[in-house]
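Please look over the structure shown below. A short report on selected features of its fold follows.

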Amino acid sequence: MKPTVDCFFAYTDQAAGQKLVDQFRASLLVNQVFVLAKNQVHLNNCEFIQVEEIDSCSTIRQIAKLLQADFALLILDDSAVEIGQGAIERLVQVAGYTDAPMVYADYIELNGDQITPHPVNDYQMGSMRDDFNFGPVRFYRAEVLKAFRYENYEMLKYAGRYALRLRASRMGSLVHIPEFLFTNHETDTRSSGEKQFDYVKTAARELQLEMEQVCTAHLRDIGALLIAPFPEPNLTEHFETEASIIIPVRNRVKTIREAIVSALIQKTTFRFNVIIVDNYSTDGTTEIIQSYAEMGKLIHIIPERKDLGIGGCWNEAIFHPQCGKFAVQLDSDDLYVNENTLQTIVDKFYEDNCAMVIGSYRMTDFNLKELPAGVIDHREWTDDNGPNNALRINGLGAPRAFYTPVLREIRVPNVSYGEDYALGLAISGKYKIGRVYQPVYLCRRWDDNTDASLDIAKQNANDLYKDRIRTFEILARIQRNKQIDPGKDWSDEN
């Protein structure tokens, strides 16, 4: 007997909805078709389900109760979707081959008349961020929906889909089909640099709290949950210099002078220095740095190696004999808010007795005019659960500052994207992290930024790297939990 599929989709408009229903009905494998909407809609050959929130756990439970087929095909985004030739048959085929709890595929992005292939990433243990792109269609085995009915998430309004796919990931490997099986009519045409801060908007706060709840429960279930209080480092190691401002740079002739001045004007009660690692600049940046070095105002390092990314440049600085007790970030195109930033950060180390301090920043354009989303303060971080919730989001904030002995022990990954997040995860898994919630840093967005506007291939590569380092950290936490108490069932921790 051939397997069957029940299809559930969110209503967008009459024409697109009817077209989608007709495409579903063209497959002999489709059993039932349901349209989900807040208000009554009428489509031929389709049943209506009234829902208050598409992404609520209540909606997922409704789908589970109505599901009669072997598989559930879900389209719950608010953009119109078209089903490709033989797509449903291919989903069923691959699900049968792999016994996967969930299958998803690449898609075509349609923006007006422009057609863009949109491949997506393979899923792994560290693909926990709640905005992981599965494409417009998620294809579940019925067993996953049935299991979800017993999850304790009855009141969640926004985290239903997130909870469902994490539940699926605990039942087996989620399988990506590298074929373009669907077309998605794109409605959000903002650049990658604009989209990445949606989760910090005030309006998203309730959603973020729900996502954190689901993430925390998942980490508990897989044995990776960290339990507060978190260990505090011993900050007594002696250094000649209290703090070093670290500036890795390559070809930033337009901004490096301002960054240097921002560092040099810091007013502190302690001794500090500025270390610039110049990664073979060719545009005049080197000459600007050298002019300050000749006046004795900073340490200018040109590495012997020529295979260094930003992370490798950081290692050159932190292992330099004149590196201070605390290593504090300043990107070559950013600025400190005022002359008190360094003092504020170092004070926080002693106030919280922590191994890392993360500040808050204001988004600006090249001319320092504030941009949306304004101040990024990552208030989703809490002392009790921040290191766990860090595995759900794609960044931790800026500027970053580190207790140098801990940073030397961990070392910085020799990459030019995500090295700061990798450090934040690794340190948060072992030590307490302090936060400064008032803005102490100006983060410029301009054409030469590494992530201001990325193509799909680069976005995928960046996301893949962060997913991978999350996987490393989750495995490390599971291992450490087992070593702490080998006989304990960590999934029962409250």
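The report covers helix packing, aromatic pairs and one lysine.

## Basis of the model

This is a predicted model, in which local features need pLDDT of at least 70 and side-chain atom pairs count only at pLDDT 80 or more, while totals for chains, interfaces and linings use all residues. Residues are numbered from 1 along each chain as its sequence is written, and side-chain values use heavy atoms, with hydrogens and water left out.

Helices (H or I, at least four residues) and strands (E, at least two) are DSSP runs numbered from the N terminus.

## Packing of α8 and α9

Helix α8 (residues 256-264) packs on helix α9 (residues 285-294) at an angle of about 25°, and their axes are 10 Å apart. Axes are lines fitted to C-alpha atoms, for helices over the stretch in contact, and angles run from 0 to 180 degrees between N-to-C directions. The two helices α8 and α9 are therefore roughly parallel; angles under 35 degrees count as roughly parallel, over 145 as roughly antiparallel, 65 to 115 as roughly perpendicular and the rest as oblique.

The crossing of α8 and α9 is right-handed, meaning that the near helix is turned clockwise from the far one by less than a right angle. From α8, Ile256, Arg257, Ile260, Val261 and Leu264 meet Thr285, Ile288, Ile289 and Tyr292 of α9, where contact means heavy atoms within 4.5 Å. By class, this contact of α8 with α9 has 7 nonpolar, 1 polar and 1 charged residues. Ala, Val, Leu, Ile, Met, Phe, Trp, Tyr, Cys and Pro count as nonpolar, Asp, Glu, Lys and Arg as charged, and the others, Gly among them, as polar.

## Packing of α5 and α7

Helix α5 (residues 160-169) and helix α7 (residues 205-222) pack at about 10°, with axes 10 Å apart. That angle makes α5 roughly parallel to α7, and the crossing is right-handed.

On the α5 side the contact is made by Tyr162, Ala163, Leu166 and Ser169, and on the α7 side by Met211, Val214, Cys215 and His218. The contact of α5 with α7 has 6 nonpolar, 2 polar and no charged residues.

## Aromatic pairs

The whole structure holds 14 aromatic pairs. Rings of Phe, Tyr and Trp (its six-membered ring) pair if their centres lie within 6.5 Å; planes under 30 degrees apart count as stacked, over 60 as edge-to-face and the rest as tilted. Tyr123 and Phe134 are stacked, at 5.7 Å centre to centre and 20° between the planes. Both lie in the loop between β7 (114-118) and β8 (138-141), 11 residues apart. Tyr123 and Phe134 are buried (under 20% relative accessible area; exposed is over 50%, partly exposed in between, with a 1.4 Å probe and protein chains only). Tyr104, Tyr123, Phe132 and Phe134 form one aromatic cluster.

Trp314 and Phe402 form an edge-to-face pair, 5.7 Å centre to centre with 85° between the planes. This pair links helix α10 (residues 310-318), which holds Trp314, to strand β17 (residues 400-403), which holds Phe402, across 88 residues. Trp314 is buried at 6% relative accessible area, and Phe402 is buried at 3%. In α10, 7 of the 9 residues are buried, among them Gly311, Cys313 and Ile318.

## Lys466

Lys466 is in helix α15 (residues 456-484). Its relative accessibility is 7%, so Lys466 counts as buried. Leaving aside residues up to four places away in sequence, Lys466 touches Asn394, Gly395, Tyr417, Gly418 and Tyr421. Lys466 and Ser79 are 387 residues apart in sequence and 27 Å apart in space, C-alpha to C-alpha.
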